[in-house]
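Here are my notes on the model, point by point. Please read them with the structure open.

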Amino acid sequence: MQRSLFTFIIALYSTAIFAQRQKAISPDLFGIFFEDISYAADGGLYAELIQNRSFEYTGSDHRGWNPMTAWEYTPRGYAYGKLSVETKSPLNENNTHYIVLDIQDAGQEGLGITNYGFNGIPVKQGGQYNVSLFAKKLSGNAMPVTVSLRNRKGDIYGETTFDISDSNWQQYAASITVNNSDDSACLVIIAKGIGQLAVDQVSLFPKQTFKGRTNGMRADLGQAIADLHPRFMRFPGGCLVHGDGIANIYNWKNTIGPLEARVDQRNIWNYHQSVGLGYFEYFQFCEDIGAKPVPILAAAVSCQNSGGTWVIGGTGQKGIPMQDMQAYIQDVLDLIEYANGAATSTWGAKRAAAGHPEPFHLEYLGIGNEDKMTPGFEERFTMIYNVVKEKHPEIKVIGTAGPFSEGEDYEKGWEIVNKLKVPVVDEHYYNDPEWFLKNNARYDKYDRKKAKVYIGEYASKGNKFSNAISEAAYMTSLERNGDVVHMASYAPLLAKKGNTNWNPDLIYFDNTGVYPTVNYYVQQLFSANTGDLYISDVVTFDRKKDSTLAASVVKDSKTGDVIVKLVNAGATDAKVNINLKALGALQSKAQVSLLKEDRGVPVSIETEFTKNAVILDGKSMQVIRLHKK
Ligand code: AHR
């Protein structure tokens, strides 16, 4: 009797100590940063296979580009005629260029145009491809038009025929099944009658997109992103958001509605945005991967680097004129209504019309992207913030603290955020691995009464194992400080090989393959193993205070699982002590994931885990998931 009372008291005591060691941390800690940089959207995640589908490319997108970029005039056999790019009677006022084929002699094979996609159109044997185009007959009789997928020699893999009989723009759509695999096919549109024919907005999608969405994402890339288990997704940038001069500020309203009526735009990263991956698709993709949407809007100023080395013809930071600010602020409010408003509201109705009557549950909204902290910025940010706060107190606004981990913009950004009591602030930094190791205690010192931090962009400037492991060590500190660090996202997420504007990136890809980096696996090990409680004083190291060793312990209160993360960024093995008793009653079997330099991908095993000591190999990390008893 006495003994069981003793045991009971000890159990109570341990529970009390255990509770003291726990603190609540952000449920949204690890997410992703998507920017349309390095062909991340068009030619990347967005599954459209036709490049320059609406003939809107210009030399201001990229030197030498024009409405026929990626296209070629294709008179076949003895056909005779001409091709012109016209603007006289366009599809709509946003999509002004189209081509006209004037066929004087169709010969035996006809005359038309060929699109080579983004350096080739990849097709798979047996795959189905949805093709569509807008066309109108300008003269002559009904015009048979054959659309085929072919190899470069002209061999046909699959085709369909449209009969263009209307003299008004009409959309024609069909599905083509392909009888061969080819990484570099092309789409050939051939008119086989006499007369004039106008063509615009030519599109080709694989039927199999991520989650089977129409106008959807590439299945393999979408899956690689989903496999990160991000808690949130920031979009559409980055510098892309505040743009190259005020005319280039990303306008979300230009990116919704019928694809053929969206407003194409120059991309600050020296290419073109079809905005086929627009705000509706971003929200839907977030939903499909289980991530909270985090749209970032410009603080009504353009990027301070406008006109800099990577952009053409910019102006530096410029503010939207004061007389236009009310309209700009209204656009911000309209976005909230678009995401969350009733399907009967003005903007909610547009979301419903796009096929999503339910709200998208927008919770966070970023205003500004690492802007230069000028009086013009402050004035505009304050105007926007005050209105959003008043009209939508339920939205957590994310402010911005410049492009670096310290310095003038960082200080001033924080000052503005503190003054206005903005709930979350976005910090950015790209530093060396040594910085990440040395600054493991950065957030230990942050004032818990001030704004929470969103580390919206960070990376250790490389894809070597030493980079990834330094990021892993740092991420343990983000968990330890998960009461003040609310969110964090590695940047940039995607880059197309051969089209990179920025290195390093988390996932590289080309037209047919996806190549995750070792940094990706670090991110994945963290985001797939999050908790809502941080447990302190569980792990100790044999080595003296050493910036290359790091650990964190979190608990997922839904499942009761406790997750221990151990990181050794040093070259030599290290002994780590884990006070298992302090973790409460746990099963002896655990899921252990090990990441080492030699393999570069994590290996997971289920194993007995009862020892209080672990030898951690040099340059390795372990994630140990212990299940509740
Ligand atoms: O992540 C790439 C770029 O880095 C972003 O566009 C910008 O915000 C930062 O400078």
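1. In which strand does Thr-74 lie? Thr-74 belongs to strand E3, residues 71-75; helices (H or I, at least four residues) and strands (E, at least two) are DSSP runs, numbered from the N terminus.

2. Some ground rules. This is a predicted model, where local features need pLDDT of at least 70, side-chain atom pairs count only at pLDDT 80 or more, and totals for chains, interfaces and linings use all residues. Residues are numbered from 1 along each chain as its sequence is written, and side-chain values use heavy atoms, with hydrogens and water left out.

3. Back to Thr-74. Thr-74 counts as buried, at 9% relative accessibility. Buried means under 20% relative accessible area, exposed over 50%, partly exposed in between (1.4 Å probe, protein chains only). A polar atom of the Thr-74 side chain lies 3.0 Å from the backbone oxygen of Glu-72. Leaving out residues up to four places away in sequence, Thr-74 touches Gly-110, Leu-111, Gly-112, Ile-113, Thr-114, Val-188 and Ile-190. Contact here means heavy atoms within 4.5 Å.

4. Thr-214 is another matter. Thr-214 sits in the loop between strand E13 (195-206) and helix H2 (219-226). Thr-214 is exposed, with a relative accessible area of 73%. Lys-23 is 191 residues from Thr-214 in sequence, and 44 Å from Thr-214 in space, C-alpha to C-alpha.

5. Next, helix H6, residues 346-353. Trp-347, Gly-348 and Arg-351 of H6 are buried. They span an arc of only 105 degrees around the axis, so they are on the same side of H6. The arc is taken from the directions from the helix axis to the C-beta atoms. An α-helix has 3.6 residues a turn, so residues three or four places apart point the same way. The face turned away from the buried side of H6 carries exposed Thr-346 and Ala-353. Cover for the buried residues of H6 includes helix H4 (279-289) and helix H5 (325-340). After H6 comes Gly-355, with a positive phi near 110 degrees.

6. Now the ligand. The residues around the ligand include Phe-33, Trp-269, Tyr-430 and Trp-502; a residue counts if one of its heavy atoms lies within 4 Å. The shell divides into seven nonpolar, two polar and three charged residues.

7. Which distances deserve a look? A ligand oxygen is 2.5 Å from a side-chain N or O atom of Glu-35. For Glu-370 the corresponding distance is 2.7 Å, and for Asn-369, 3.1 Å. The protein covers 96% of the 280 Å² of accessible area that the ligand has on its own, by the Shrake-Rupley method with a 1.4 Å probe.

Terms used
Polar contact = N/O pair within 3.5 Å; in protein donor to acceptor, adjacent residues only side chain to side chain. Nonpolar A, V, L, I, M, F, W, Y, C, P; charged D, E, K, R; others polar.
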